[in-house]
Amino acid sequence: EMMLGKTIQWPTVTIIVPSYNHEHFIGETLSSCIDQDYPGIVQILVIDDASTDETCKVASSFAEAQTSLRPISVIRKTDHSGINSSIEIGLGHSCGDYIQLLASDDVIIRSKIRQQVHFMTSSNLDCVYGDAFTNDQGKLERLTYPDFANQAQRIKRVCTQDTQLPLAQSALFGRSFLDAVGFIRLLGKAPRARAKPIPSPMAGPIEPIAMVKPETKMETAPIT
């Protein structure tokens with residue numbers, strides 16, 4: 001593959017999908033992961049939090065049709081213990097150089113992984129993030145981010161999954177960064193890291209992913 005006129009080896013990316021009772025949504029979520037135009041391997045890990053519906057069955061049907069470039073694994077927890085433990089389990093089973101977190105009722109645009117990996121590798125960053133859209137019964141709303149006071153605040157808000165901002169799911173993290181500081185432990189002191197918001201669709205080629213409140217299906221839409 002070529003990047004910036006040079007032959008490159010695309011690094012492996014892991015998408016961790018914590019799931020719970022999203023049988024009607026997870027199929028579209030996984031399709032958006034499989035359909036990435038990223039030339040390298042995208043490992044997809046579904047960590048199910050003891051769903052009581054058919055979420056695991058739907059996810060397993062995707063795993064049965066996996067390919068070498070899109071390996072899919074479904075791990076079902078025996079007890080409902082929350083999203084933090086699901087993320088930790090996913091990190092423990094991941095093999096990617098970059099980590100994407102994605103809720104099981106969310107979707108990402110087709111070019112997200114490719115463009116973010118390109119942006120990170122060319123800029124020597126530990127994580128990048130971008131804007132998003134909500135889709136509430138067909139009503140689209142773009143979510144943007146406030147200016148952070150400093151780098152430490154930015155990293156803490158991105159990595160601790162602030163409930164008011166879809167930063168964690170719009171972000172792509174370097175695995176070495178997460179290994180160094182521990183994802184869940186970031187709830188305490190924010191680490192030193194290199195992070196940057198990716199250019200908005202209005203200013204550059206990077207587009208937002210979608211993000212909504214729990215139990216609301218989201219999707220992306222073109223900027224006109």
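The points below review selected features of a predicted model.

1. The main nonpolar core. The largest nonpolar core holds 24 residues, and within this group Val117 and Leu172 touch the most other members. Two or more residues each are given by strand S3 (13–19), helix H1 (26–34), strand S4 (42–48), helix H2 (55–63) and helix H4 (112–123). Helix H4 supplies the largest share, 4 residues.

2. Surroundings of Leu172. Beyond its neighbours within four places in sequence, Leu172 is in contact with a list of residues that includes Val13, Tyr98, Ile99, Lys112, Val117, Met120 and Cys127.

3. A separate core. Another core, of 13 residues, lies apart from the one described above. Among its members are Ile47, Ile99, Ala171 and Phe177.

4. Residues with positive phi. Most residues other than glycine have a negative phi. Two residues deserve a check on this point. Ala50, in the loop between S4 and H2, has a phi near 60°. Asn124, in the loop between H4 and strand S7 (127–129), has a phi near 55°. The value is positive for Ala50 and likewise positive for Asn124, and neither residue is glycine.

5. Burial of Ala50. Is Ala50 buried or exposed? Its relative accessibility is 12%, and because buried means under 20%, Ala50 counts as buried.

6. Lys77 beside Ala50. Lys77 is placed in the loop between strand S5 (72–76) and helix H3 (83–93). With a relative accessible area of 7%, Lys77 is buried. In sequence, Lys77 and Ala50 are 27 residues apart, while their C-alpha atoms are 5.3 Å apart in space. Leaving out residues up to four places away in sequence, Lys77 touches Ala50 as well as Ile47, Asp48, Asp49, Gly82, Ser85, Ser86 and Ile89.

7. The aromatic pair. How many aromatic pairs does the model contain? The count comes to 1. This pair is formed by Trp10 and Tyr38, with 5.1 Å from centre to centre and 85° between the planes. The arrangement is edge-to-face, because the angle between the planes is over 60 degrees. Trp10 lies in the loop between strand S2 (6–7) and S3, and Tyr38 in the loop between H1 and S4, so that the pair links distant parts of the chain, 28 residues apart. Trp10 counts as buried at 11% relative accessibility, and Tyr38 counts as buried at 2%.

How values were computed: Residues are numbered from 1 along each chain as its sequence is written. This is a predicted model: local features need pLDDT of at least 70, side-chain atom pairs count only at pLDDT 80 or more; totals for chains, interfaces and linings use all residues. Side-chain values use heavy atoms; hydrogens and water are left out. A nonpolar core is a set of buried Ala, Val, Leu, Ile, Met, Phe, Trp, Tyr and Cys residues joined through side-chain atoms within 4.5 Å. Buried means under 20% relative accessible area, exposed over 50%, partly exposed in between (1.4 Å probe, protein chains only). Contact means heavy atoms within 4.5 Å. Rings of Phe, Tyr and Trp (its six-membered ring) pair if their centres lie within 6.5 Å; planes under 30 degrees apart count as stacked, over 60 as edge-to-face and the rest as tilted.
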